[in-house]
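The sequence and the model are shown below.

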Amino acid sequence: MFYAYGLRYHTGSQQPKKDCTSSNNQDGKMPLYAADKFPIANQKASLHPVPNGAALEEGASRKQNILVVIKDHSQKSAGANSARTHKRRRRFVIKKSPILIAVNSSFHNLPILKSEDRNDVKWKSLYKTQRERKQIMRETCSKYKSNNKRIITPYHVSRIFVEDKYRILYCEVPKAGCSNWKRVLMVLNGLASSTKVIQHNTVHYGNYLKRLDGFDRKGINHRLNTYTKMLFVREPFEKLVSAFRDKFEHPNNYYHPVFGRPIISRYRVNATKEALRTGSGVTFKEFIQYLLDVHRPVGMDIHWDHVNRLCSPCLIDYDFIGKFETMEEDANFFLHLINAPQNLTFPRFKDRHSDEERTTTQITQQYFKQLSPSQRQRSYDFYYMDYLMFNYSKPFEDLY
């Protein structure tokens, strides 16, 4: 088996400020309970969206009311208490009610192109690309999974966000467009009139989007069987560098003390008292040493964990696989398939460190050239399944 069922996370007194988390679980931890194991049965996924894009025809007054609620953070304490009560209920329900879910189905679940699109070269090409991506993912799972009898735990659905009006399940992958995808889901759900009016903190800490593990057994099972399941991925090295730049090269009151201090203490010779106190100034080489250390001084984090562990694509049969490298084209194709309003397109703005250049292939190469050939190879081995499953080429010619 090429992925683990549980993750080790550091639990500290501070709350992390992460790109792709919600306020009810800001520390990035996804609890894994020994009793929460579900047998797997037949899964029949469907990609028949709600017809005619009726989901957004809610009326301006309702949208305005909800927008006011989004901006009002005065009820956080009451919401937190409600969330804790709901979480306790959710754990009880999940433990008592096994969920029947299938490993990837044997048939293709891609959407059927509309009759007017079947002769369109662009749509036909994108449709073919989706079939190829799904096939590669399935073949990788078939080759490397240890057996056909798998179990699924709350962790496997805990990173999946739910949009009920257009029947979408979205597995968030940090540093692969998740902030803007959450904005899109909020607009589809009628929570905002435009992606442009939704601020970063509202996206990640407003807790307006539901997670799949927040539903009861029937709710989870129904959505896994009938909703359109999608995820977007990114070239692993590029995603890693993007996470490093964001979390360690900018002031951060969570990642510096929680990750930076133990990394500097463990891997820096003659570290200054100031560096040990603040955890600021972690170098990329030190970060890679931490990542590759089987005895890490602090646990993993969702921003640099494997996609196959975050979204479990060998357990959950994703219908649509998009890529960050072709984000605009893939995202707008997906919106077209689900009959989203024609005026809704995927946003491309960068709301964090907007004056800084996005992490590109060239920037990624510069960071990895700081490492030895052995470190580059071990880093590639670390993300090997993501490279294989999502058909990314080797980033350096000397890798084997």
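A residue is called buried under 20% relative accessible area, exposed over 50% and partly exposed in between, with a 1.4 Å probe and protein chains only. Asparagine 270 is exposed, with a relative accessible area of 73%.

## Basis of the model

The model is predicted; local features need pLDDT of at least 70, side-chain atom pairs count only at pLDDT 80 or more, and totals for chains, interfaces and linings use all residues. Residues are numbered from 1 along each chain as its sequence is written, and side-chain values use heavy atoms, with hydrogens and water left out.

## Overall composition

The secondary structure comprises 16 helices and five strands. These elements are DSSP runs numbered from the N terminus, with helices being H or I of at least four residues and strands being E of at least two. Of the 400 residues in the chain, 56% count as buried.

Contact means heavy atoms within 4.5 Å. Among contacts between residues at least 6 apart in sequence, 78% join residues at least 24 apart.

## Helix α11 and its two partners

Helix α11 (residues 284-292) packs with helix α15 (residues 373-382) at an angle of about 50°, and their axes are 11 Å apart. Axes are lines fitted to C-alpha atoms, for helices over the stretch in contact, and angles run from 0 to 180 degrees between N-to-C directions. Angles under 35 degrees count as roughly parallel, over 145 as roughly antiparallel, 65 to 115 as roughly perpendicular and the rest as oblique; α11 and α15 are therefore oblique to each other. The crossing of α11 with α15 is left-handed, a term used if the near helix is turned anticlockwise from the far one by less than a right angle, whereas clockwise gives a right-handed crossing. From α11, Lys285, Ile288, Gln289, Leu291 and Leu292 meet Gln375, Arg378, Ser379 and Phe382 of α15. By class, this contact has four nonpolar, three polar and two charged residues. Here Ala, Val, Leu, Ile, Met, Phe, Trp, Tyr, Cys and Pro count as nonpolar, Asp, Glu, Lys and Arg as charged, and the others, Gly among them, as polar.

With α8, the axis of α11 comes within 11 Å and crosses at roughly 115°. The crossing of α8 with α11 is right-handed. Leu240, Val241, Phe244 and Phe248 of α8 make the contact with Phe284, Phe287, Ile288 and Leu291 of α11. That contact holds eight nonpolar, no polar and no charged residues.

In α15 the buried residues are Gln375, Arg376, Gln377, Ser379, Tyr380 and Phe382. Their cover includes α8 (236-248), α11, α14 (361-368) and α16 (384-389).

Helix α7 (residues 217-226) has Gly219, Ile220, Arg223, Leu224, Asn225 and Thr226 as its buried residues. These pack against α4 (154-157), β1 (160-163), β2 and β4 (228-233).

## Surroundings of tyrosine 170 and glycine 177

Tyrosine 170 is placed in strand β2 and counts as buried at 0% relative accessibility. Leaving aside neighbours within four places in sequence, tyrosine 170 is in contact with Arg159, Ile160, Phe161, Gly177, Cys178, Trp181, Leu185 and Met230. The C-alpha atoms of tyrosine 170 and tryptophan 181, eleven residues apart along the chain, are separated by 8.5 Å.

Glycine 177 occupies the loop between β2 (168-171) and α5 (178-188) and is buried, with a relative accessible area of 17%. Residues up to four places away in sequence not being counted, glycine 177 touches Tyr170, Phe324, Met327 and Phe346. Glycine 177 and methionine 327 lie 150 residues apart in sequence, yet 7.9 Å apart in space, C-alpha to C-alpha.

## Positive phi angles in loops

Most residues other than glycine have a negative phi. Asparagine 270, in the loop between α9 (255-267) and α10 (273-278), has a positive phi of about 55°. Serine 312 has a positive phi of about 50° and lies in the loop between α12 (307-310) and β5 (320-323). Serine 312 counts as buried at 1% relative accessibility, whereas asparagine 270 is exposed.
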